[in-house]
Each structure stands twice: as structure tokens, then as C-alpha cells.
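Student: I am new to this structure and would like to learn how to read it. Please take me through its features one at a time.

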Amino acid sequence: MSATHGMTEYAPTDSPYRGRFAPTPSGSLHLGSLFTAVASYLDARSHNGTWLIRMDDLDPPRTQAGAAQHIIDCLTAHGLVSDEPIRHQSACNEGYAQRIQQLIEQNALFPCTCSRQMLKKHSHYPHTCHHNTLASLPPNTEYAWRIHTRDADTLTFGDQLQGCQSHQLLDLGGDFVVQRKDALYAYHLASVHDDAEQGITHIVRGNDLLLSTPQHIFLQRQLNLPQPKYLHLPVLVTPDGHKLSKQFASAALQIDTAVDNLKLVLSLLKQPPPPASMTHCHDVLTWGTEHWNPAALMGIKYITLNA
């Protein structure tokens with residue numbers, strides 16, 4: 001497939017397996033993040049594929065000082081090392097800007113001046129700014145770029161664990177933002193761009209991102225990019241139903257219990273337990289790769305941790 005705007009030429013989706021783990025450095029690595037990292041690593045290794053780490057540090061207000069390096073150090077201590085140099089989204093603004101320009105030239109975007117307060121009462125974007133153009137806005141007006149989706153067909157895709165998915169973008173909020181009023185690029189645009197630039201063929205991530213996938217597929221089609229294969233894992237939740245996350249101050253992983261952490265994750269992933277005699281992360285990951293069976297998680301959306 002030919003590149004656009006001088007970007008990378010993309011491999012077809014049947015190219016050798018390339019997967020990734022893309023944490024947000026808004027805090028320390030916790031068990032829920034390790035759960036996803038290990039699953040994506042084992043899936044890549046079981047296909048003799050390449051496994052990458054990408055730091056999704058796109059949003060400076062959410063980025064915690066030192067968190068990116070802590071995450072990398074913690075992953076390394078667990079034997080999870082990127083096969084290629086780690087990509088940082090904060091260094092990729094030029095590529096995102098080119099994507100925005102490409103969509104503008106396709107008349108796929110419109111400048112939106114709506115505030116969050118104005119949109120609170122709506123279940124989806126109410127088409128308020130559909131007819132806006134940059135020329136129609138007063139000087140110095142703040143605006144976000146939104147993408148037109150009102151005529152989008154229902155998007156259907158197969159997920160390796162959650163089965164066939166069919167969604168209408170209007171039901172997921174309609175026209176979505178690809179660049180914010182503060183000029184920061186939106187997650188959907190950055191994720192799609194980076195996956196294409198890195199040649200990602202398989203995406204293994206949490207089920208909490210399942211409903212972001214239709215937007216990603218829509219953007220992939222708008223930008224003429226290949227569509228990876230998706231596998232959405234169950235989400236780890238606390239006994240009271242909260243997802244393990246930095247938002248709920250989930251405990252940071254302890255490096256000195258790395259082997260035990262990996263064994264716990266394999267158990268949570270419904271995988272065969274490694275021999276108790278294994279005391280090295282490399283051995284546990286090798287065992288996990290040799291016995292990897294994601295079908296054991298088929299159809300499961302949540303896994304509740306013991307109190």
C-alpha cells in the first residue's frame with residue numbers, strides 16, 4: 001500500500017505478527033497493566049512474532065513525572081522487553097499533524113466550537129457545528145477538529161475473544177474529536193497512526209477499549225490504513241466492581257516479587273500453572289508461551305480479584 005504525505009509504506013495485514021503493549025504513564029504499573037502486557041507478549045511469542053512497547057504519553061496533564069521510566073523498569077524486571085526501540089507518542093506530533101491535514105483535504109473534518117457543558121445533555125454529537133469552516137469562524141476562536149460520521153455504516157468486526165461485534169458510530173457518540181481545542185491530538189487518531197506506522201498486525205488489549213475499536217476501524221478506512229486483528233481481554237476488577245486502574249489507585253507492582261506476579265497473571269489468564277520450581281521470569285514466560293491458549297478466556301468480560 002502506498003504511503004501518503006511521505007509516511008511509512010504499510011505492510012499488508014497478512015504480514016508477520018507484530019503486537020504491542022501501550023501503557024499510559026499516568027502512574028506506576030499495576031496488576032491490571034501487567035495482565036494485559038503478559039497476554040500481548042505471550043500472544044506475540046506464540047506466533048513467533050515481534051512484541052513492542054509504546055508509551056502513550058500523548059496527554060501531558062495526565063503524564064506523571066518518572067512514570068514512563070518506572071513502567072519500563074518494571075516490565076524489564078518481569079522479563080518483558082521491547083524487541084525494538086520504545087516509541088513515545090509525545091515525539092510523534094508531526095505524523096499526527098499530517099494525518100489531520102490528510103483528513104482536512106478529504107473534507108472529512110469540521111471545526112467544532114462546542115463546549116463540554118453544551119454537549120452534556122446529548123447522547124451523541126448533535127451536529128451543531130457540521131457546517132462550520134475555518135473561514136466562517138471569528139478570529140482567535142478556539143475549536144476542535146471532529147470527524148464526520150453521520151453517514152457511516154454499521155461497523156462489524158470479529159474479536160478473537162468477544163466474538164462478532166457490530167456497532168453504529170452514532171450510538172457511540174457520533175462525530176468524535178481527532179484534535180482537541182488545546183491542540184493535543186486525540187487518542188483515537190494517535191493510536192491508529194502509531195499502529196500503522198509500526199506495522200502492528202495484532203492488538204491485544206483490555207475489554208474496556210472494545211467500544212473504541214469501531215472509531216479506530218472507521219479512521220483506518222478513512223486514512224486507507226490496514227486493519228489489525230483484535231483480541232479484547234477480560235478486565236480485572238476489584239470485589240466492589242472497580243476496574244484495576246491508576247484512577248482507583250491500584251497498588252504498584254513490587255519488582256522483588258516479579259516471578260510470583262507472573263504466576264498470578266497466568267492464573268488470572270486461565271492458563272496452565274507453571275511448575276512451582278520455576279524461579280526465573282524467563283522460564284515462566286517461556287512456559288506461558290508454550291502453553292498459551294487464549295480460548296480459555298472466550299466470552300469472559302470481567303475477572304474479579306479475590307478480596
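**Reading the features**

Tutor: The second largest cavity is lined by Val192, Asp195, Ala196, Ile200, Gln220, Leu225, Pro226 and Pro228. Keep in mind that this is a predicted model.

Student: How is such a space found, and which helix gives the largest share of the lining of the second largest cavity?

Tutor: Rolling a probe the size of a water molecule over the atoms shows where empty space is left. Here α5 contributes three residues, the largest share of that lining. The volume of the second largest cavity is about 40 Å³. Its lining divides by class into six nonpolar residues, one polar and one charged. In total, three cavities of 30 Å³ or more are found in the structure.

Student: What is the volume of the second largest pocket, and which residues are closest to its centre?

Tutor: The second largest pocket holds about 430 Å³ of space. Its lining has 14 residues, and Arg116, Ala144, Arg146, Val177 and Arg180 are the closest to the centre. At least two lining residues come from each of α4, β5 (144-147) and α5 (187-197). By class, this lining has seven nonpolar, two polar and five charged residues.

Student: How should I read a sheet, and what is the strand order in the open sheet of three strands?

Tutor: Strands of a sheet pair through backbone hydrogen bonds, either parallel or antiparallel. In this open sheet the order is β1-β2-β3, and the pairing is parallel. The edge strands are β1 (18-21) and β3 (87-88); each has a single partner strand, so one side of each has no neighbour in the sheet.

Student: How many bridges join β1 and β2, and what packs on the sheet?

Tutor: Four bridges join β1 to β2 (residues 50-55) in the parallel sense. Arginine 18 is opposite threonine 50 of β2, while phenylalanine 21 has isoleucine 53 of β2 as its bridge partner. Helix α1 (residues 31-46) packs on the sheet and touches β1 and β2, with its direction at about 150° to that of β2. Five of the six residues of β2 are buried, so β2 is largely enclosed by the rest of the structure.

Student: How do I read a helix, and which residues of α7 are buried?

Tutor: An α-helix has 3.6 residues a turn, so residues three or four places apart point the same way. In α7 (residues 258-268), the buried residues are Ala258, Val259, Asn261, Leu262, Val265, Leu266 and Leu268. These buried residues pack against α1, α2 (67-77), β11 (235-237), α8 (281-290) and β12 (302-304). After α7 comes lysine 270, with a positive phi near 65°.

Notes. Residues are numbered from 1 along each chain as its sequence is written. This is a predicted model: local features need pLDDT of at least 70, side-chain atom pairs count only at pLDDT 80 or more; totals for chains, interfaces and linings use all residues. Side-chain values use heavy atoms; hydrogens and water are left out. On a 1 Å grid over the protein atoms alone, a cavity is a set of points where a 1.4 Å probe fits but cannot get out, and a pocket is an open set with protein on both sides within 12 Å along at least five of seven lines; lining residues have an atom within 4 Å of a point. Grid points are joined across faces, edges and corners, and a volume is the space filled by probe spheres set on the points. Ala, Val, Leu, Ile, Met, Phe, Trp, Tyr, Cys and Pro count as nonpolar, Asp, Glu, Lys and Arg as charged, and the others, Gly among them, as polar. Two strands pair if DSSP finds at least two bridges between them. Contact means heavy atoms within 4.5 Å. Axes are lines fitted to C-alpha atoms, for helices over the stretch in contact, and angles run from 0 to 180 degrees between N-to-C directions. Buried means under 20% relative accessible area, exposed over 50%, partly exposed in between (1.4 Å probe, protein chains only).
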